[in-house]
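Visitor: I have a model open on my screen and would like to learn how to read its features. Could you walk me through a few of them?

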Amino acid sequence: GNNNVAVGQEALFGLTSGDNNTAVGKEALLTLVSGYSNTALGDGAGSSEGVTDINSGLFLGRNAKPLEAGSDNEIVIGASVTGNGSNTTTIGNASTTHTFVSGVVILKAFTVAGLPAASEYTGGLVFVSNGTGNKRLAVSDGTNWRFPDGNVVS
């Protein structure tokens, strides 16, 4: 590979093909064999048994690791945290009790017709841009998207 940086014992040890990877910490990205544009910072960061190919991942923290092989665009932050797969951001482990964010949190807006399946996002929070009763938040109960008053989004 080209343009790879490894700092730490066995960092990027198994890499045979892949470009633009940065691994800092003992065994960071140790199991990566092929992949590009990954960044791992921390002992064991980005390493997981059987996970040999990931792309565009960011792993910050000791043993912050991807969910599975073939992951793309997975961001994992925290100590001993396993991500949730491609195109996800996971912050904190099971011991995390509070997550603080400074500034305004902006949710992606969905139309009623464009809402994803509620069954795939139990506990998910969305902003509905054209629902009955004007624009507002909705939460998935695992079956339906519901407005805070309990009414099903329509």
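Visitor: Where does Gly70 lie?

Guide: Helices (H or I, at least four residues) and strands (E, at least two) are DSSP runs, numbered from the N terminus. Here, Gly70 sits in the loop between strand E5 (58-60) and strand E6 (71-72). One thing to keep in mind: this is a predicted model, where local features need pLDDT of at least 70 and side-chain atom pairs count only at pLDDT 80 or more, while totals for chains, interfaces and linings use all residues. Residues are numbered from 1 along each chain as its sequence is written, and side-chain values use heavy atoms, with hydrogens and water left out.

Visitor: Is Gly70 buried, exposed or partly exposed?

Guide: Buried means under 20% relative accessible area, exposed means over 50%, and partly exposed is in between (1.4 Å probe, protein chains only). At 35%, Gly70 counts as partly exposed.

Visitor: Which residues other than glycine have a positive phi?

Guide: Take Asn20, with phi near 60°. Asn20 belongs to the loop between strand E1 (5-7) and strand E2 (22-24), and its relative accessibility of 39% makes it partly exposed. Ser37 is not a glycine either, and its phi is about 55°. Look for Ser37 in the loop between E2 and E3; at 33%, Ser37 is partly exposed as well.

Visitor: What makes a salt bridge, and how many are there?

Guide: The rule asks for a side-chain nitrogen of Lys or Arg within 4 Å of a carboxyl oxygen of Asp or Glu. By that rule the count is 2. One of them joins the side chains of Arg136 and Asp149, at 3.4 Å from N to O. That pair links distant parts of the chain, 13 residues apart: Arg136 is in strand E11 (residues 136-140), and Asp149 is in the segment after strand E12 (145-146). Arg136 is partly exposed at 23%, and so is Asp149 at 47%.

Visitor: And Asp141, which residue does its side chain meet?

Guide: Arg146, in a salt bridge of 2.6 Å, N to O. Asp141 is partly exposed at 37%, and Arg146 is partly exposed at 29%.

Visitor: Which residues make the nonpolar surface patch?

Guide: Patches are made of residues with over 30% relative accessible area and no salt bridge; like charges are joined within 9 Å, nonpolar side chains (Val, Leu, Ile, Met, Phe, Trp, Tyr) within 5 Å. Accessible areas come from the Shrake-Rupley method with a 1.4 Å probe, and for residues only the protein chains shown count as cover. Here Val5, Val7, Val24, Leu41, Leu60, Ile77 and Ile91 make a patch of about 520 Å². Leu41 lies in strand E3 (residues 39-41) and is partly exposed at 46%.

Visitor: How many residues of each class line the largest pocket?

Guide: Ala, Val, Leu, Ile, Met, Phe, Trp, Tyr, Cys and Pro count as nonpolar, Asp, Glu, Lys and Arg as charged, and the others, Gly among them, as polar. The lining has 8 nonpolar, 1 polar and 1 charged residues, including Phe110, Tyr121 and Trp145. A pocket is an open set of points on a 1 Å grid over the protein atoms alone, where a 1.4 Å probe fits, with protein on both sides within 12 Å along at least five of seven lines; lining residues have an atom within 4 Å of a point.
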